[in-house]
Amino acid sequence: MKDNQQTGKVIIAGAGPGDPELITIKTVRHLQKADVILTDRLVSPAILDQYANPKAEIIYVGKQCRRGASTPQSSINQLIVHHAKAGRLVVRLKGGDVSIFSNILDELEVVNKHGITYEIVPGITAASGAAAYSGIPLTARGYSTAVRLLTFYKSDVVTSEYWKELAGTDDTLVFYMSSETLHGLVANLVANNISKDKLLAIVEQATTPFQQVQVSSLYDYDENVKGREWISPSLVIIGKVVGLQEQFAWLPNSNSRNVYFEQVSASVKNLVTQKETEYVGRA
Ligand code: SAH
C-alpha cells in the first residue's frame, strides 16, 4: 500500500461492456497500480485476472437487477472514502461507461465532500459495444440522425406522452435494464402505432463469447420473442437501423446459454469481500 501521502486518490473508470479488450489503456494502467479495486458485477472477470495489481484488494460492490440482497450505495461511498483517506489508490471500476445509468453522481458528491482527489476515465458503453458486435450502425446515414439512451426498468419511468413521442421519432432507441419489461415496452410502442419498418433487436451478453442477437418486428413480437427468458445483461435496440443487422452482422450467435458475468474465476472469487448487491436504478 502506498502511504507516503495523507489522502489517496480515486479513479472512477469504465471497464467496457464485456470483451476484456474493450478497455482503455488508461484504465489498465490505473488497475496495475491500484491498492484497492471496487468493482461492479458487469465487469469481465478476465480484466481483473489480467490487469489488476496482484497486491490490490478487490472488493465486489456490484448491483444486480431485482436479485439478491442489496448493499446500499452509501456502503460503496463509505468504502471509497475509507480507503482513499487511508492514502490508497482506489479504482472504482464500473461496467461500460462510468456515467451511463450508473450511480456516479453519488460517488462524485462524496469524494468532493471529503476533498479527495479523483479522475474520471470513460469506457465503452453497452450501446456502443452491442451496436458494433451485432452489426447495427446506430445512426446510419439515411436511417437515423440520432440515438437515445433510455431505460424502462419499471413502468413509471416513461410517461404515456413520452411513449407517443418515442413511437413517432426516427431516432434509434436503446433501452438499458429493460429486458424484463420488454413486453410492456413493445406494447406501448405498438399502441402508439410505431411504424412497421422499425425493428427490435435484443442483444444478450453483448461483446462476450455468449452474445446472442434476436431481431423481430415489433408487430410479430408475440410469435417471435414473447415469453423468452433473457440472460442478463441484455440491451434493447429499436429503429430502422436494426434492419441492417441482417447484412452486416459479422459475429455469429453463440450456441451456448452460458452466463458470462456470473463466472467469477476461482482466483478472483477468493478475494470477494463484499456480496453482490441489487441495482438501485436511477434513470
Ligand atoms: N454503465 C453501463 C450500464 C449500466 S446499467 C454502460 O455504460 O454500459 C446495466 C445495463 O446495461 C444492463 O441491464 C444492460 O441493459 C446493459 N448492459 C451492460 N452490459 C451489457 C452487455 N454486455 N450486453 C448487453 N447489455 C449490457
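The following conversation goes through the predicted model of this protein, from its overall make-up to single residues.

Me: What kind of model is this, and how many helices and strands are there in the protein?
Reply: The model is a predicted one. The protein contains ten helices and ten strands.

Me: How much of the protein counts as buried?
Reply: Of its 283 residues, 54% count as buried.

Me: Let us turn to the nonpolar cores. How many residues has the largest one?
Reply: The largest nonpolar core has 21 residues. Phe-175, Leu-182, Leu-189, Leu-200 and Ile-238 have the most contacts inside this core.

Me: Which elements give two or more residues to this core?
Reply: They are helix 6 (160-168), strand 7 (172-176), helix 7 (182-191), strand 8 and strand 10 (234-239). Helix 7 contributes the most, with four residues.

Me: What is Leu-182 in contact with?
Reply: Leaving aside neighbours within four places in sequence, Leu-182 is in contact with Leu-200, Ile-202, Tyr-221, Val-225, Trp-230 and Val-236.

Me: Strand 10 came up. How many of its residues are buried?
Reply: Six of the six residues of strand 10 are buried, so that strand is mostly covered.

Me: Why would the side chains have two faces to consider?
Reply: In a regular strand, side chains alternate between the two faces of the sheet. In strand 10, both faces are covered. Ser-234, Val-236 and Ile-238 are buried on one side, and Leu-235, Ile-237 and Gly-239 are buried on the other.

Me: Which strands pair with it, and in what sense?
Reply: Strand 7 and strand 10 run antiparallel and are joined by three bridges. Within strand 10, Ile-238 stands opposite Leu-173. Strand 8 also pairs with strand 10 in the antiparallel sense, over six bridges.

Me: What is the bridge partner of Glu-204 in strand 10?
Reply: The partner is Ser-234. Glu-204 itself is found in strand 8.

Me: Is Glu-204 buried or exposed?
Reply: Glu-204 has 1% relative accessibility, so this residue counts as buried. Leaving aside neighbours within four places in sequence, the contacts of Glu-204 include Phe-210, Arg-228, Trp-230 and Arg-257. Glu-204 and Leu-235 are 31 residues apart in sequence, while their C-alpha atoms are 6.5 Å apart in space.

Me: New topic: aromatic rings. How many aromatic pairs are there?
Reply: The count comes to six aromatic pairs. In one of them, Phe-210 and Tyr-260 have ring centres 6.4 Å apart and planes at 65°, so the pair is edge-to-face.

Me: Which parts does that pair tie together?
Reply: Phe-210 lies in the loop between strand 8 (199-204) and strand 9 (212-217), and Tyr-260 lies in the loop between helix 9 (245-248) and helix 10 (266-269), so the pair ties together parts that are 50 residues apart in sequence. Both Phe-210 and Tyr-260 are buried.

Me: What other aromatic partner does Tyr-260 have?
Reply: Tyr-260 also forms an edge-to-face pair with Phe-261, at 5.0 Å centre to centre and with 90° between the planes. Phe-261 is buried too. Elsewhere, Phe-152, Trp-163 and Phe-175 form one aromatic cluster.

Me: Which residue lies over the face of Tyr-219?
Reply: Lys-196 does, at 4.9 Å from the ring centre.

Me: Finally, the helices. Why does the span of helix 3 agree with what it should be?
Reply: Helix 3 (residues 73-85) has 13 residues, which at 1.5 Å a residue should span 18 Å, and its end C-alpha atoms are 18 Å apart, so the values agree. Its buried residues include Ile-76, Leu-79, Ile-80 and Val-81. Among what covers the buried residues of helix 3 are strand 1 (9-14), strand 4 (89-94) and helix 4 (104-113).

Note on methods. Residues are numbered from 1 along each chain as its sequence is written. This is a predicted model: local features need pLDDT of at least 70, side-chain atom pairs count only at pLDDT 80 or more; totals for chains, interfaces and linings use all residues. Side-chain values use heavy atoms; hydrogens and water are left out. Rings of Phe, Tyr and Trp (its six-membered ring) pair if their centres lie within 6.5 Å; planes under 30 degrees apart count as stacked, over 60 as edge-to-face and the rest as tilted. Buried means under 20% relative accessible area, exposed over 50%, partly exposed in between (1.4 Å probe, protein chains only). A charge sits over a ring if NZ of Lys or CZ of Arg is within 6 Å of the ring centre and within 35 degrees of the ring normal. A nonpolar core is a set of buried Ala, Val, Leu, Ile, Met, Phe, Trp, Tyr and Cys residues joined through side-chain atoms within 4.5 Å. Contact means heavy atoms within 4.5 Å. The expected span of a helix is 1.5 Å times one less than its number of residues. Two strands pair if DSSP finds at least two bridges between them.
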